[in-house]
Protein chains: 4
Amino acid sequence: MDNFIIAGKTYSSRLLVGTGKYRDFAETRAAVDASGAEIITVAIRRTNLGQNPGEPNLLDVLPPSQYTFLPNTAGCYTVDDAVRTLRLARELLDGHSLVKLEVLGDPKTLYPNMVETLKAAEILIKEGFQVMVYTSDDPIAAKQLEEIGCVAVMPLASLIGSGMGILNPWNLQIIIDNATVPVIVDAGVGTASDAAIAMELGCDGVLMNTAIAAAQNPVLMASAMKKAVEAGREAYLAGRMAKKLYSANPSSPVSGTIASSKDKAS
Amino acid sequence: MDNFIIAGKTYSSRLLVGTGKYRDFAETRAAVDASGAEIITVAIRRTNLGQNPGEPNLLDVLPPSQYTFLPNTAGCYTVDDAVRTLRLARELLDGHSLVKLEVLGDPKTLYPNMVETLKAAEILIKEGFQVMVYTSDDPIAAKQLEEIGCVAVMPLASLIGSGMGILNPWNLQIIIDNATVPVIVDAGVGTASDAAIAMELGCDGVLMNTAIAAAQNPVLMASAMKKAVEAGREAYLAGRMAKKLYSANPSSPVSGTIASSKDKAS
Amino acid sequence: MDNFIIAGKTYSSRLLVGTGKYRDFAETRAAVDASGAEIITVAIRRTNLGQNPGEPNLLDVLPPSQYTFLPNTAGCYTVDDAVRTLRLARELLDGHSLVKLEVLGDPKTLYPNMVETLKAAEILIKEGFQVMVYTSDDPIAAKQLEEIGCVAVMPLASLIGSGMGILNPWNLQIIIDNATVPVIVDAGVGTASDAAIAMELGCDGVLMNTAIAAAQNPVLMASAMKKAVEAGREAYLAGRMAKKLYSANPSSPVSGTIASSKDKAS
Amino acid sequence: MDNFIIAGKTYSSRLLVGTGKYRDFAETRAAVDASGAEIITVAIRRTNLGQNPGEPNLLDVLPPSQYTFLPNTAGCYTVDDAVRTLRLARELLDGHSLVKLEVLGDPKTLYPNMVETLKAAEILIKEGFQVMVYTSDDPIAAKQLEEIGCVAVMPLASLIGSGMGILNPWNLQIIIDNATVPVIVDAGVGTASDAAIAMELGCDGVLMNTAIAAAQNPVLMASAMKKAVEAGREAYLAGRMAKKLYSANPSSPVSGTIASSKDKAS
């Protein structure tokens with residue numbers, strides 16, 4: 001079996017999805033269903049998990065008994081904000097310790113502030129959190145985050161909400177080569193092929209929100225993403241053919257291609 | 001329903017596969033099954049459909065009652081060779097008229113000879129064949145082939161057997177924009193994401209052989225390709241999000257991107 | 001010496017420029033001067049070379065004694081139009097036989113009609129013209145044009161006037177590998193690096209018009225292009241370093257890259 | 001005049017070059033001459049500037065009276081090593097304060113360790129150094145380096161010595177957009193067009209070593225790089241034409257392209 005293990009728990013889906021930016025909770029639910037995701041991430045500062053008693057509560061629509069909730073720190077720009085937000089999440093979710101940390105650098109790019117991210121991760125890990133961490137595609141920073149105890153590293157493909165796809169597959173490749181914890185591409189996926197490419201590179205999973213929520217038909221796009229992640233994973237495991245500029249010339253494979261050099265089976 | 005119609009017949013699968021380059025007919029069959037393909041193409045000059053009575057016959061493994069056979073002219077470099085080969089196919093397959101024409105330019109690149117392709121297509125159409133035609137990504141030639149009566153145009157993504165993926169998505173886009181017959185990417189797909197990208201561009205289908213047969217695990221790759229084609233089609237129909245360099249700047253979408261400009265829903 | 005020979009005449013500049021789309025002939029002249037071009041191409045149907053006696057005449061600004069004129073068939077969509085246009089050019093230019101043939105497929109894409117181009121080239125060559133021919137990046141067609149006697153083949157980088165740069169360097173590479181006449185990239189260059197890349201691929205020259213004329217400062221862009229073509233040529237001759245994903249790993253060059261595989265010295 | 005100012009001094013060349021990896025100091029000198037560089041960088045740990053009295057001294061070949069020397073910390077993996085190395089450089093070069101800081105993450109990738117780089121930069125700036133700093137293409141880190149007082153930020157195009165060119169132009173674009181100190185692409189340039197692209201993006205300069213020293217003809221490549229940097233700068237200042245997929249459709253520019261969106265004049 002091709003299992004996907006996060007913090008000791010085994011999942012069959014390698015697609016993680018966000019819950020924001022939908023028209024309403026009904027659409028959120030339909031899209032999550034179509035995606036087949038088992039891990040769903042929630043922006044604690046923007047989503048009602050019971051903080052506002054009179055309003056619709058996401059936990060009623062997506063019950064924690066059926067999904068692994070991943071509270072995140074979207075909108076946090078400092079160590080303090082991020083740590084405080086996740087402590088709140090732990091209260092709201094009855095001691096839940098698996099979280100997604102992100103500490104952003106500025107509101108325009110939403111690029112991570114890596115110095116602050118490292119500090120916040122250290123604090124949270126000391127407090128017993130299991131930290132999945134949003135990171136730039138800096139291979140040194142990704143390794144540092146793993147070494148201080150993060151349970152997964154989540155490099156960006158491109159800026160949050162940009163839909164630009166994987167801008168630098170070479171950095172992702174180095175991160176994957178060096179990692180001993182799961183590597184999950186987080187941010188920047190725009191369409192199905194982006195997710196497939198991430199998986200073909202050897203990523204363990206893909207997390208997305210806007211690509212589904214901002215599609216014209218979110219539920220159909222969620223289905224597309226489910227298939228794309230599975231397709232990319234299977235292609236990775238199947239071991240793709242070598243690239244050759246001239247097919248008739250078997251002795252000159254195009255060896256420098258990202259995908260072929262990363263194939264598990266090759 | 002999202003039907004795929006070729007020469008008046010409706011198919012549910014948009015993945016067409018070749019039957020060559022497998023270890024044996026058993027592997028061919030297993031891969032075709034995993035791919036979900038309903039249309040399978042056969043190199044008449046290299047495959048026993050009964051020409052050699054004592055040898056294994058592909059028709060016993062993949063019965064024409066279950067699949068649409070698409071005889072092709074792989075290995076033909078002249079009008080004469082191609083026309084003669086397809087006349088033979090018609091005999092072997094009891095009057096079957098749906099064929100895939102390719103007239104190649106040289107044995108090194110296997111790039112099509114478009115002048116000869118146009119001549120052969122005209123002859124075959126006059127003789128009553130329904131011609132699906134392998135073509136370069138030349139938008140003018142693709143339109144000419146449609147105008148003389150080809151039932152589908154099949155532009156290359158890259159050289160046959162190269163696995164290089166889609167080298168020029170812009171030409172494919174022009175072909176798709178202008179076509180009134182199905183456009184099927186044929187040749188050059190190397191891995192799952194390549195197939196997804198072709199479908200996201202708005203192609204009606206994808207045909208491949210080497211990408212499956214030359215994978216280290218052909219049956220698993222066939223499954224990957226099935227999902228990738230479906231994922232790409234659904235993403236195309238779902239209408240992807242706009243690309244934006246800065247997510248926080250909704251007024252500056254990256255409009256020139258291939259995929260977004262080709263989305264059906266946008 | 002690194003000479004560039006067209007139809008038996010030696011040039012020192014490998015940049016060929018068009019003369020259209022400028023504000024006036026003074027700007028045309030200033031841009032041509034800054035470009036260092038020795039061969040200039042003229043759209044016979046749009047430029048006054050004496051057809052309209054009372055109007056400014058390009059020959060007064062750019063005297064044929066100083067430049068090699070290359071009359072072209074811009075705006076021609078049929079064999080007849082193209083052939084007639086170049087016969088007129090021969091008259092206007094006192095028997096001048098070096099011409100640039102283009103037969104376009106449609107007014108929207110300005111993509112060449114290769115079937116018509118081949119026919120027109122044959123006729124012109126029989127009539128004694130020395131034909132430099134605009135072509136798609138189809139390697140088979142490029143070779144056919146060479147075989148019937150064209151003195152240079154001029155594949156597009158991308159559509160005329162698009163400024164999209166080199167969309168398919170792999171096809172250009174095959175054309176260059178197979179050619180025994182000069183290969184000149186014509187159409188699609190948008191900025192200086194595009195011209196440098198063309199030269200690094202091993203092209204013999206680059207022809208452009210819009211990239212200079214439609215820049216905000218055409219004269220400065222002409223200077224940029226002069227330097228870019230020289231830079232690309234020198235880089236090609238100098239033999240670039242190998243690409244390596246990891247610098248510290250000398251045993252794994254990224255061999256499939258276009259530029260490195262095309263370096264003359266490698 | 002288009003001046004290039006670093007730490008208050010004006011230069012006419014925007015190409016900075018390294019001095020290592022050459023066959024001998026004679027070749028170093030010939031390549032530096034051909035490059036036209038006015039600022040040359042020296043690996044203090046690997047180059048004799050007088051530390052080893054009996055051996056050839058670079059200062060005899062490239063006299064500091066004619067060039068601005070930029071001592072660098074190549075090979076340093078810690079704050080301590082980097083700071084100590086530059087203190088030594090200051091002694092060797094009579095109080096010279098302009099330096100290039102790099103603190104690397106590991107010997108395999110040579111990717112910068114950004115946390116250590118920030119710490120080392122702070123110490124050096126307090127000690128009165130004028131710090132030009134090698135950085136990843138992380139826009140937040142680049143801004144932090146500027147804010148603590150670095151006189152130039154020098155993001156990588158790709159890994160040191162890789163020759164892979166500009167892997168992520170989008171990040172470079174954000175860095176350039178936000179910077180108020182010069183941005184100089186450092187590391188990863190492999191051939192002339194790479195340097196031109198960097199300048200077209202709006203970088204203020206380009207620093208390279210291996211691309212010249214490891215070319216088969218380093219002196220010719222140095223000349224190519226000189227022209228490429230000038231070509232890219234002029235193209236940037238000239239304001240390139242808009243990209244359009246269809247030339248005939250002036251209303252649909254391809255606006256999301258890096259180069260066009262970064263043109264100064266547009």
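Where in chain C is C:N168 placed? In this predicted model, C:N168 occupies the loop between β8 (152-155) and α6 (169-178) of chain C; helices (H or I, at least four residues) and strands (E, at least two) are DSSP runs, numbered from the N terminus. Residues are numbered from 1 along each chain as its sequence is written, and chains are lettered from A and ligands numbered from 1 in the order in which they are written. Because the model is predicted, local features need pLDDT of at least 70 and side-chain atom pairs count only at pLDDT 80 or more, while totals for chains, interfaces and linings use all residues; side-chain values use heavy atoms, with hydrogens and water left out.

C:N168 is buried, with a relative accessible area of 3%; buried means under 20% relative accessible area, exposed over 50%, and partly exposed in between (1.4 Å probe, protein chains only). Its side chain reaches the backbone nitrogen of C:N171 at 3.0 Å. Apart from neighbours within four places in sequence, C:N168 is in contact with B:L167, B:N168 and C:D137, where contact means heavy atoms within 4.5 Å.

**The interface of chain A and chain B**

The contact between these chains draws on 49 residues from chain A and 49 residues from chain B. The buried area is about 3900 Å², of which carbon and sulfur atoms give 62%; this is the accessible area (1.4 Å probe) that two parts lose on being put together, summed over both. Between chain A and chain B there are 24 residue pairs in polar contact, both residues being at pLDDT 80 or more. A polar contact is a pair of N or O atoms within 3.5 Å; within protein, one must be able to donate a hydrogen and the other to accept it, and residues adjacent in sequence count only if both atoms are side-chain atoms.

On the side of chain A that touches chain B, α7 (192-200), α8 (210-213) and α9 (218-238) each supply at least two residues. The largest share, 12 residues, comes from α9(A). By class, this side of chain A has 27 nonpolar, 14 polar and eight charged residues; Ala, Val, Leu, Ile, Met, Phe, Trp, Tyr, Cys and Pro count as nonpolar, Asp, Glu, Lys and Arg as charged, and the others, Gly among them, as polar.

**Salt bridges**

Over all chains, the whole structure contains 56 salt bridges, each defined as a side-chain nitrogen of Lys or Arg within 4 Å of a carboxyl oxygen of Asp or Glu. Four salt bridges cross the interface of chain A and chain B. Side chains of opposite charge can pair when their charged atoms come close.

| Pair | N to O distance |
|---|---|
| A:R84 and A:D81 | 3.2 Å |
| A:K227 and B:E230 | 3.2 Å |
| C:D81 and C:R84 | 3.2 Å |

The pair A:K227 and B:E230 forms a salt bridge that crosses between chains, from helix α9 of chain A to helix α9 (residues 218-238) of chain B. B:E230 is partly exposed, at a relative accessible area of 27%. A:R84 and A:D81 are three residues apart in helix α3 (residues 79-92) of chain A and are therefore separated by about one helical turn. In chain C, C:D81 and C:R84 are likewise three residues apart in helix α3 (residues 79-92), a separation of about one helical turn. Salt bridges that share partners also join A:K226, A:E230, A:E234 and B:K227 into one network.

**The annotated lysine and a buried glutamate**

An unreviewed UniProt entry places the feature "active site" at A:K100; such positions are given in the numbering used here, feature names are shortened, and annotations may be inferred rather than shown by experiment. A:K100 is found in strand β6 (residues 98-101) of chain A and is buried, with a relative accessible area of 5%. Not counting residues up to four places away in sequence, A:K100 touches several residues, including A:N72, A:T73, A:Y134 and A:D186.

In chain B, B:E102 lies in the loop between β6 (98-101) and α4 (114-126) and counts as buried at 5% relative accessibility. The side chains of B:E102 and B:K100 are joined by a polar contact of 3.1 Å. Beyond four places in sequence, B:E102 touches residues including B:N72, B:T73 and B:Y134.

**Positive phi angles**

C:K21, although not a glycine, has a positive phi of about 70°. C:K21 lies in the loop between β3 (15-18) and α1 (25-35) of chain C and is exposed, with a relative accessible area of 55%. D:A187, also not a glycine, has a positive phi of about 90°. D:A187 is found in the loop between β9 (184-186) and α7 (192-200) of chain D and is buried, with a relative accessible area of 9%.
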